[in-house]
Every structure is written in structure tokens, then in C-alpha cells.
Amino acid sequence: MSGGCVGLRRVVLGLVLLALAGCTAIYRNHGYAPSEPDLQQVVVGETTREQVAELIGRPSSSGVLSNSGWFYVQSRWRHYAYKAPEEVERQVIAISFAESGIVENVERFGLQDGKVVALARRVTESNIKGISLIRQLLSNFGRISADQVAG
């Protein structure tokens, strides 16, 4: 009889541990954004497009109009039990180039409370180009579902 109780206890303990493991949040990172030490190697007004590619790699997105900028997009998602995945962090690194191919601006944007926020900026001039594309990347990234693509 006592052997049956021990076996039942093990089964119950196993089910409890399995239930607790199912309630643990799992975090997944998508995309790539260079770290701040890597970005410090990019010197505004000196570094060329080719040097940026060697230093931090080529991005997954670039400027639509005249290839004026490169955009590195990274997001972090939390998967929790049966709930839909939730995006908990997103950042965009925007590196814009002058027509000569020299780095003109380096900016890091985040998404706080649904609004675009500049987290860091190194700019040679005050005119910020491509901000509407950055807003689109931050507001629309991750909002396309599989049934929208298929249907």
C-alpha cells in the first residue's frame, strides 16, 4: 500500500511541476540592433557606408528613398502560458548617410507607451530625415498576423 502512495505522490508532484513550468514566461528576441560600444566605433562625419558594414554588419532594413539610411530593428517578446505573445521592448537604430556615403546621423529609438522616443542621437545637422519610416517600423512591426498574410 505504501508503494502505491509514493507512486501517486510522484505523479501528483510531476503534474504540479509541469503546471508550474507552463506558467513560466519565455522571452524571445527578434532582429538585431548593435550595442552602444559597437555604435561608438561609428564616427559621425568620418565613417563610410562600407566601414559601417564591416564594423556592425548590414541591416535588415534600409531607407526606401535613395537608400539614404540603414535601420536595425530589434524586439523582445514575452510568451506566457496560453496568452498571445506580447512585445515588451523594441528599438530601432537609424544610421543615415550623406550623398557621399559618409555617416550623417546615428540615432537609437525606443517605443515607450506606444510612442516613438529618441533614446540616443548623434547628429551633424538638426534636420532629421526618415522619421516617418522609423515611426512606421516601431508602430507596425509585429502586428501582422499569419491569417492577414495568407488571406
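**Briefing on the predicted model**

Arg 90 counts as buried because its relative accessibility is 4%; buried means under 20% relative accessible area, exposed over 50%, and partly exposed in between, with a 1.4 Å probe and protein chains only. This is a predicted model, in which local features need pLDDT of at least 70 and side-chain atom pairs count only at pLDDT 80 or more, while totals for chains, interfaces and linings use all residues. Residues are numbered from 1 along each chain as its sequence is written, and side-chain values use heavy atoms, with hydrogens and water left out.

**Salt bridges**

- The structure holds 3 salt bridges, a salt bridge being a side-chain nitrogen of Lys or Arg within 4 Å of a carboxyl oxygen of Asp or Glu.
- Arg 90 has Glu 87 as its salt-bridge partner, with 2.3 Å between the closest N and O atoms. Glu 87 is partly exposed, at 21% relative accessibility.
- Glu 36 and Arg 108 form another salt bridge, and their closest N and O atoms are 3.3 Å apart. This pair links distant parts of the chain, since Glu 36 belongs to helix α2 and Arg 108 to strand β5, 72 residues apart. Helices (H or I, at least four residues) and strands (E, at least two) are DSSP runs, numbered from the N terminus.
- Glu 36 is partly exposed, with a relative accessible area of 33%, whereas Arg 108 is buried, with 11%.
- Glu 86 forms a salt bridge with Arg 78, the closest N and O atoms lying 2.5 Å apart. Glu 86 is partly exposed at 39% relative accessibility, and Arg 78 is partly exposed with a relative accessible area of 28%.

**Nonpolar cores**

- In soluble globular proteins, nonpolar side chains tend to be buried together.
- The largest nonpolar core has 13 residues, of which Val 52, Ile 56, Tyr 72, Ile 95 and Val 103 touch the most other members. A nonpolar core is a set of buried Ala, Val, Leu, Ile, Met, Phe, Trp, Tyr and Cys residues joined through side-chain atoms within 4.5 Å.
- At least two residues of this core come from each of α3 (49-56), β3 (69-79), β4 (86-97) and β5 (103-112).
- A separate core of 5 residues includes Val 73, Val 92, Ala 94 and Phe 109.
- Not counting residues up to four places away in sequence, Val 103 is in contact with Val 42, Val 43, Val 44, Gly 45, Thr 47, Val 52, Ile 95, Ser 96 and Phe 97. Contact means heavy atoms within 4.5 Å.

**Aromatic pairs**

- There are 2 aromatic pairs in the structure. Rings of Phe, Tyr and Trp (its six-membered ring) pair if their centres lie within 6.5 Å; planes under 30 degrees apart count as stacked, over 60 as edge-to-face and the rest as tilted.
- The ring centres of Tyr 32 and Tyr 72 are 5.9 Å apart and the planes are at 80°, so this pair is edge-to-face. Tyr 32 lies in the loop between β1 (26-31) and α2 (36-40) and Tyr 72 in strand β3, so the pair ties together parts that are 40 residues apart in sequence.
- Tyr 32 is partly exposed, with 38% relative accessible area, while Tyr 72 is buried at 1%.
- Trp 70 and Phe 97 make an edge-to-face pair, 5.3 Å centre to centre with 70° between the planes. Because Trp 70 is in strand β3 and Phe 97 in strand β4, the pair ties together parts that are 27 residues apart in sequence.
- Trp 70 is buried at 4% relative accessibility, and Phe 97 is buried at 4%.

**The loop residue Ala 33**

- Ala 33 is found in the loop between β1 and α2 and is buried, with a relative accessible area of 11%.
- With residues up to four places away in sequence left out, Ala 33 touches Tyr 72, Gln 74, Gln 91 and Ile 93.
- The C-alpha atoms of Ala 33 and Ser 60 are 9.9 Å apart, and the two residues are 27 residues apart in sequence.
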